Amino acid sequence: MRAARTSQGLTLLVLRESRSPVRQLHVPKPILVFVPFAAILSISGLIISLQLRSADRIAGLEQELAAKQLEWSSKQLAMEAVVSDKEEALRRLRGQVVSLSRQSQDVQKRLQTVSALQKQLEQFLGGERSVRTSSAAGAISPSADDLKPSTLQWTGENAVGGEFIAVHQLGTEKLIEDTEDDFKAIHSLIDQMQKQVPVQLDKAQARLEALSSTPSLWPTPSRTITSSFGYRGDPFTGKSAFHAGIDIAGNTGDPVYAAAAGTVTSVQRDGSRGNFVVIRHSNGLETWYMHLSSSLVKQGDSILKGQTIGKLGSTGRSTGPHLHFQVMKKQEPVNPLPYIQ
Ligand SMILES: [Zn+2]
């Protein structure tokens, strides 16, 4: 193809195969001017359109981004609020653990005190037994129960020093672990107490009953003995006779006390004993109170140790106001003095 410029335009010669004729194309001048211009115009239009579409897309993306950012920041805020709540909850929990730990330490201290008291009670009960059993042999030696160590022993008191670490300085987990151990120890101590205390209370109760039902109280304010237990010269006949109790001189109307707790089995009057009261005690002993001016109890009454049961007098076979006090063991009179002195 060949192109030839003319004053009116452009002529193009198209040469094909040798056998084909040459073809001539004539492009007029106005078209030669318009086509590049139109091309430039159309490209410019394309660029502007692309720019517009890009700007639109960018604006859309920016909007989307802004929305995402908003969503993200609100999520972050919510998350921060949750974290802050969690931290607050943790702080409170930590406070509670510290408080629990302190409580457990307080409880332990109080249990130590109770445990020590219980040990004293145990020693008291054992000690009473050992004195009673060894007094006959004339020597005081500890009983087997005294030598047996108490199963309730708390070693926390034996601490002698060491670094001081405040509770709040310890890690919460360690604190929780220690507190759990403390509570386990407390539970085990309480379990032991629950087993041992009722047994000891029963022992104490029995001991108390034995003490209160054993005649040991001097039966009237006066301590003047005018006649002792055993053989003596009879005050009426002067002949030797057996005296089954002791005579304590006093004033008519002086109170007469029960030497031990028990039950009144007899309130009577006869020519020899005058007004008299008999009390039976739970250990099988009986105490007799004779020559009363009056009796203040009746048969069947339960009497406390030290209770006033009558008034001193001179009724029956008597030469003056006195109390005849007698202790009966297995229906036989025994010397009252070892009991009440
Ligand atoms: Zn007498």
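How many bridges join β12 to strand β14? Two, and these strands run antiparallel. A few notes on the rest follow.

1. First, the ground rules: this is a predicted model, where local features need pLDDT of at least 70, side-chain atom pairs count only at pLDDT 80 or more, and totals for chains, interfaces and linings use all residues. Residues are numbered from 1 along each chain as its sequence is written, and side-chain values use heavy atoms, with hydrogens and water left out.

2. Back to the sheet: it is open, with three strands in the order β8-β14-β12 and antiparallel pairing. β8 (255-257) and β12 (294-295) sit at the edges with a single partner strand each, so one side of each has no neighbour in the sheet. Strands here are DSSP runs of E, at least two residues, and helices are H or I runs of at least four, numbered from the N terminus; two strands pair if DSSP finds at least two bridges between them. Ser 294 has Lys 311 in β14 as its bridge partner.

3. Thr 11 belongs to strand β2 (residues 9-14). Thr 11 is buried at 10% relative accessible area (buried is under 20%, exposed over 50%, partly exposed in between; 1.4 Å probe, protein chains only). Its side chain makes a polar contact with the side chain of His 26 at 3.0 Å (a pair of N or O atoms within 3.5 Å; within protein, one must be able to donate a hydrogen and the other to accept it, and residues adjacent in sequence count only if both atoms are side-chain atoms).

4. UniProt's unreviewed entry lists a "transmembrane region" at residues 31-50. That span is 100% helix and 0% strand, with its end C-alpha atoms 28 Å apart.

Terms used:
UniProt positions are given in the numbering used here, feature names are shortened, and annotations may be inferred rather than shown by experiment.
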